[in-house]
Amino acid sequence: GGAIGGGAGGALRLLAGESPARRRMEAPDAWRALLLGERKQVGVGATPILPDGVRRMVFPGAFDPLHEGHRRMAAIAAERAGRGVEFEISIHNVDKPPLDFVEMEDRARQFAEEETLWFTAAPTFEEKSRLFPQSTFVVGLDTLERIADPRYYGDDPVASAAAIGRLAERGCRFLAFGRVDGEGRFRSVGDISLPPRLLALCEGVGESEFRVDVSSTQIRAGQRAE
């Protein structure tokens, strides 16, 4: 197997007293197959086999980093479902460059061995629904709005509606968590404009059950400032 160097161009931030070092890791064959397009998903940690008719709770995200808000969402989702949440990270992203082996290792290290993490090559929910039919996806409002936004379908409202239709046909649903807006008000799924067919697939989690005023962007900014 080939060894992979860390970071774009090998650039590293050094703390006082550190010496330069390149991280090397042997890429698992399954991860390599995923990056080469030979596989669509790879499991890390526990890989539960659920009985027929039992819905998976799948929590997609970048988890860069995994923070307390994500943990709270996962705990609420697991309590509602009566089973553990399966986390999912797509190595491809609509708005960002693909992950490499070192980034995958960094993300995976945040999860305990008894937790379930899927790396997939499924950046859109239409693609995720093929891998996880009959599942409930754990999402925030921003994600729900992107699912309905024609800009993510080549500015084609017909394509947008067709994708939502396929989500419904594959038995997928959404557990939608509210968030605090820029003015400090908590917004829930009923406060945003969604196509009726998508709204019909959603169950909301309100302010009394969930309110964490933190985001991955804020956490990353704090880490860079340290």
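## Basis of the model

The model is predicted, and local features are reported where pLDDT is at least 70, side-chain atom pairs count only at pLDDT 80 or more, and totals for chains, interfaces and linings use all residues. Residues are numbered from 1 along each chain as its sequence is written, while side-chain values use heavy atoms, with hydrogens and water left out.

## Overall composition

The protein chain has 8 helices and 9 strands, where helices (H or I, at least four residues) and strands (E, at least two) are DSSP runs numbered from the N terminus. Of its 226 residues, 37% count as buried, a class that means under 20% relative accessible area, with exposed being over 50% and partly exposed in between (1.4 Å probe, protein chains only).

The accessible surface of the protein chain comes to about 12,500 Å², with 50% of it belonging to carbon and sulfur atoms; such areas come from the Shrake-Rupley method with a 1.4 Å probe, and for residues only the protein chains shown count as cover. Among contacts (heavy atoms within 4.5 Å) in the protein chain with a separation of 6 or more, residues 24 or more positions apart account for 75%.

## Strand pairing

Strand β4 (residues 116-120) has 5 of its 5 residues buried. Thr116, Trp118 and Thr120 point one way from the strand, and Leu117 and Phe119 point the other way. In a regular strand the side chains alternate between the two faces of the sheet. Two strands are taken to pair if DSSP finds at least two bridges between them; by this criterion β1 (residues 41-45) and β4 pair in the antiparallel sense over 5 bridges, with Phe119 as the bridge partner of Val42. β3 and β4, in turn, pair in the parallel sense over 5 bridges, and here Trp118 is the bridge partner of Glu88.

Strand β2 is largely enclosed by the rest of the structure, because 4 of its 5 residues are buried. β2 pairs in the parallel sense with β3 over 3 bridges, where Glu86 is the bridge partner of Val58. β2 also pairs in the parallel sense with β5 (residues 135-140) over 3 bridges, and in that pairing Met57 has Thr136 as its bridge partner.

## Helix α5

The buried residues of helix α5 (residues 141-148) are Leu141, Thr143, Leu144, Ile147 and Ala148. Seen down the helix axis, these buried residues fall within an arc of 160 degrees, so they line one face of α5; the arc is that of the directions from the helix axis to the C-beta atoms.

## Aromatic contacts

Rings of Phe, Tyr and Trp (its six-membered ring) pair if their centres lie within 6.5 Å, and planes under 30 degrees apart count as stacked, over 60 as edge-to-face and the rest as tilted. By this rule the count comes to 10 aromatic pairs. The rings of Phe59 and Phe63 have centres 5.2 Å apart and planes at 85 degrees, so this pair is edge-to-face, and both residues are buried. The rings of Phe63 and Phe87 have centres 5.5 Å apart and planes at 85 degrees, so this pair is likewise edge-to-face. The latter pair links distant parts of the chain, with Phe63 in the loop between β2 (56-60) and α2 (68-81) and Phe87 in strand β3 (residues 86-90), 24 residues apart. Phe59, Phe63, Phe87 and Phe111 form one aromatic cluster.
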